[in-house]
Amino acid sequence: RSSYRAAWTTLRGLLADREAEGRRLFVFNAHFDHQGVRARLESALLLRAQIDALDSGTPVLLLGDFNAQAGGRVHSTLGAAGEGRRSLVDAHPEGGGTLSGFGSMPESWKGARIDWILASEELVPLEVVERRYILHVLRTVDNNRTAAARVLGLDRKTLYRKLKQYE
């Protein structure tokens, strides 16, 4: 997919820039148990403890097959900020569902995202930040697109085009 290629190009550029500047980036890749709910949650707690032990100024990229739906308990355990904890945000919230040929996937998971990427705020792509902000403004003005376009300083047609892309 072209979005995958764009994401890879962006990540490759980010890593090269950081290396040239002598800065670090922590990347975690995980594959959680596919059957045990408790095992997934405990894995999330262990991984979160490792992330919290890092220097708070070093960005984190967390990706993997978590075998848990985005927005669920494992997802929030890994991403939630707390006292002295950095927030990790969904770097690709509009991503499609996970495809699997395995027969053991629960029916409720079919089409859901169980593979996802969380990242420190400074690593989130500009397109995601823009999308979140536009949708926030739209909610703030009770979904009045004309008012949202005015607040955002956008032409209405531009706002409508962006919203269509988000569908």
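Reply: Here is a walk through the aromatic pairs, one ring at a time. Keep in mind that this is a predicted model. Searching the whole structure turns up two aromatic pairs.

Let's start with Phe32 and Phe66. Their ring centres are 5.1 Å apart and their planes sit at 90 degrees, so this pair is edge-to-face. Where do these two rings come from? Phe32 is in the loop between strand S1 (26–31) and helix H2 (37–52), while Phe66 is in the loop between strand S2 (60–65) and helix H3 (73–79), so the pair ties together parts that are 34 residues apart in sequence. As for how hidden they are, Phe32 has 7% relative accessibility and so counts as buried. Phe66 is buried too, with a relative accessible area of 0%.

Now stay with Phe66, and bring in Trp116. The centres of these two rings lie 4.0 Å apart with planes at 20 degrees, so this pair is stacked. Again, distant parts of the chain get linked: Phe66 is in that loop between S2 and H3, Trp116 belongs to strand S4 (residues 115–120), and they are 50 residues apart.

The charged end of Arg131 sits over the ring of Tyr166, 5.5 Å from its centre. Likewise, Arg145 has its charged end over the ring of Tyr160, 5.1 Å from the centre of that ring.

Note on methods:
Residues are numbered from 1 along each chain as its sequence is written. This is a predicted model: local features need pLDDT of at least 70, side-chain atom pairs count only at pLDDT 80 or more; totals for chains, interfaces and linings use all residues. Side-chain values use heavy atoms; hydrogens and water are left out. Rings of Phe, Tyr and Trp (its six-membered ring) pair if their centres lie within 6.5 Å; planes under 30 degrees apart count as stacked, over 60 as edge-to-face and the rest as tilted. Helices (H or I, at least four residues) and strands (E, at least two) are DSSP runs, numbered from the N terminus. Buried means under 20% relative accessible area, exposed over 50%, partly exposed in between (1.4 Å probe, protein chains only). A charge sits over a ring if NZ of Lys or CZ of Arg is within 6 Å of the ring centre and within 35 degrees of the ring normal.
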